[in-house]
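Thanks, everyone. Let me walk you through one structure. I'll take the charged pairs, then a helix packing.

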Amino acid sequence: MISVLAQPGSNILLPKPGFPLYESRTMFSNLEARHFNLIPDRGWEADLESVEALADENTVAMVIVNPSNPCGSVYSHDHLAKIAETARKLGIIIIADEVYDHLAFGNKPFIPMGIFADMVPVITVGSISKRWLVPGWRLGWIAMCDLNCILKEAKVDKSIESYINITNDPATFIQGAVPQIIANTKEDYFMKILNLLRNSADLCYSKIKEARGITCPHKPEGSMFVMAKLDLSCLDGIQDDLDFCCMLAKEESVIVLPGSALGMKDWIRITFAMDIPTLENALERITSFCQRHDKLEA
């Protein structure tokens with residue numbers, strides 16, 4: 001979608017923190033990336049004031065990732081409506097990354113951005129990789145929600161078709177398997193995944209509270225990730241988030257992603273999509289690492 005929308009001098013609004021591939025793809029397409037903040041203390045809601053400040057006549061779209069990688073948040077109907085109204089006012093389209101749409105396990109139900117297509121054009125991107133746990137298959141889709149035919153009049157649909165003609169398709173045997181996978185996967189398979197993620201998220205959130213120098217402002221409600229903030233003033237010999245992650249990997253053999261890779265210095269992203277015993281062991285190692293580097297203990 002970024003390649004289709006890219007024009008000389010144009011820009012696109014990306015969330016911070018966000019999925020790094022958007023940044024890479026934007027740079028590859030010579031499109032300027034402008035970042036609007038997600039607010040940790042408000043469940044990682046989009047800062048719509050910063051969206052309005054960043055947008056201009058050359059802004060082609062804003063990207064919304066819901067449920068969120070890397071934040072684990074799920075947006076309410078009210079917040080999505082405000083996003084749609086902001087985009088309508090600015091005259092930009094919304095790219096709704098909803099690859100985790102069926103992995104919402106908290107109190108908020110997943111609401112598709114496309115229900116607001118009467119207000120603003122929405123391009124939804126989805127994937128088979130998350131709900132069916134086949135990330136290596138690299139098969140996804142694009143859905144145009146364009147009730148007012150704005151995208152059709154601009155021939156965006158034709159541009160998408162033209163671009164697909166010059167890109168690699170997923171392997172044919174994967175394409176052939178998809179109809180049966182969608183039709184025949186039993187509901188208890190999905191419920192098992194949601195229950196695992198819910199329990200893992202609960203464990204992750206509670207254990208992070210026990211670790212000295214790490215705080216988690218928002219309990220994850222979807223996807224497979226949570227963002228946690230480092231308080232480096234509590235930790236001895238650690239300079240920044242990258243230093244934390246490298247030392248943690250070396251000392252405890254636990255891998256977490258430095259927040260600076262996502263535009264959030266001195267934060268980390270933790271993945272909790274694993275079995276409970278493995279996750280519990282990893283979180284205990286993080287707690288042990290933080291205790292060992294606690295300035296009060298040093």
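A salt bridge here is a side-chain nitrogen of Lys or Arg within 4 Å of a carboxyl oxygen of Asp or Glu. Keep in mind that this is a predicted model. Searching the whole structure with that criterion gives twelve salt bridges. The general idea is simple: side chains of opposite charge can pair when their charged atoms come close. I'll show you a few of the twelve.

Start with Arg-34. Where does Arg-34 lie? It sits in strand E2, residues 32-39. Which residue forms a salt bridge with Arg-34 at 3.1 Å? That is Glu-32, and the 3.1 Å is the separation of the closest N and O atoms. Now, accessibility. Is Arg-34 buried or exposed? Its relative accessibility is 19%, and buried means under 20%, so Arg-34 counts as buried. Glu-32 has 39% relative accessibility, so Glu-32 counts as partly exposed.

Glu-32, Arg-34 and Asp-56 are linked in a network of salt bridges. Look at the surroundings of Arg-34 too. Leave out residues up to four places away in sequence, and Arg-34 touches Asn-11, Ile-12, Leu-13, Leu-14, Leu-54 and Asp-56.

Next pair: Glu-45 and Arg-42. They form a salt bridge, with the closest N and O atoms 3.6 Å apart. Glu-45 is at 22% relative accessibility, so Glu-45 counts as partly exposed. Arg-42 is at 46%, so Arg-42 is partly exposed as well.

Now Arg-292 and Glu-252. Their side chains meet in a salt bridge at 3.0 Å, N to O. This pair links distant parts of the chain. Arg-292 is in helix H10, and Glu-252 is in helix H9, residues 241-252. The two are 40 residues apart. Which of them is buried? Glu-252 is, because its relative accessibility is 11%. Arg-292 has 41%, so Arg-292 counts as partly exposed.

That brings us to H10 and its packing. Helix H8 covers residues 187-210, and helix H10 covers residues 276-292. Their axes come within 10 Å. At what angle do they cross? Roughly 15°. Angles under 35 degrees count as roughly parallel, so H8 and H10 are roughly parallel to each other. The crossing of H8 past H10 is right-handed.

Who makes the contact? From H8, we have Asn-199, Ser-200, Leu-203, Cys-204, Lys-207 and Glu-210. From H10, we have Ile-276, Leu-279, Glu-280, Leu-283, Glu-284 and Thr-287. Sort the contact of H8 with H10 by class, and you get five nonpolar, three polar and four charged residues.

You'll find Arg-88 in helix H4, residues 77-90. Its relative accessibility is 41%, so Arg-88 counts as partly exposed. What does Arg-88 contact, beyond its neighbours within four places in sequence? Met-119 and Val-120. And for a sense of distance, take Arg-88 and Leu-262. They are 174 residues apart in sequence. In space, C-alpha to C-alpha, Arg-88 and Leu-262 are 27 Å apart.

That's the tour. Happy to take questions.

Key
Residues are numbered from 1 along each chain as its sequence is written. This is a predicted model: local features need pLDDT of at least 70, side-chain atom pairs count only at pLDDT 80 or more; totals for chains, interfaces and linings use all residues. Side-chain values use heavy atoms; hydrogens and water are left out. Axes are lines fitted to C-alpha atoms, for helices over the stretch in contact, and angles run from 0 to 180 degrees between N-to-C directions. Helices (H or I, at least four residues) and strands (E, at least two) are DSSP runs, numbered from the N terminus. Angles under 35 degrees count as roughly parallel, over 145 as roughly antiparallel, 65 to 115 as roughly perpendicular and the rest as oblique. A crossing is left-handed if the near helix is turned anticlockwise from the far one by less than a right angle, and right-handed if clockwise. Contact means heavy atoms within 4.5 Å. Ala, Val, Leu, Ile, Met, Phe, Trp, Tyr, Cys and Pro count as nonpolar, Asp, Glu, Lys and Arg as charged, and the others, Gly among them, as polar. Buried means under 20% relative accessible area, exposed over 50%, partly exposed in between (1.4 Å probe, protein chains only).
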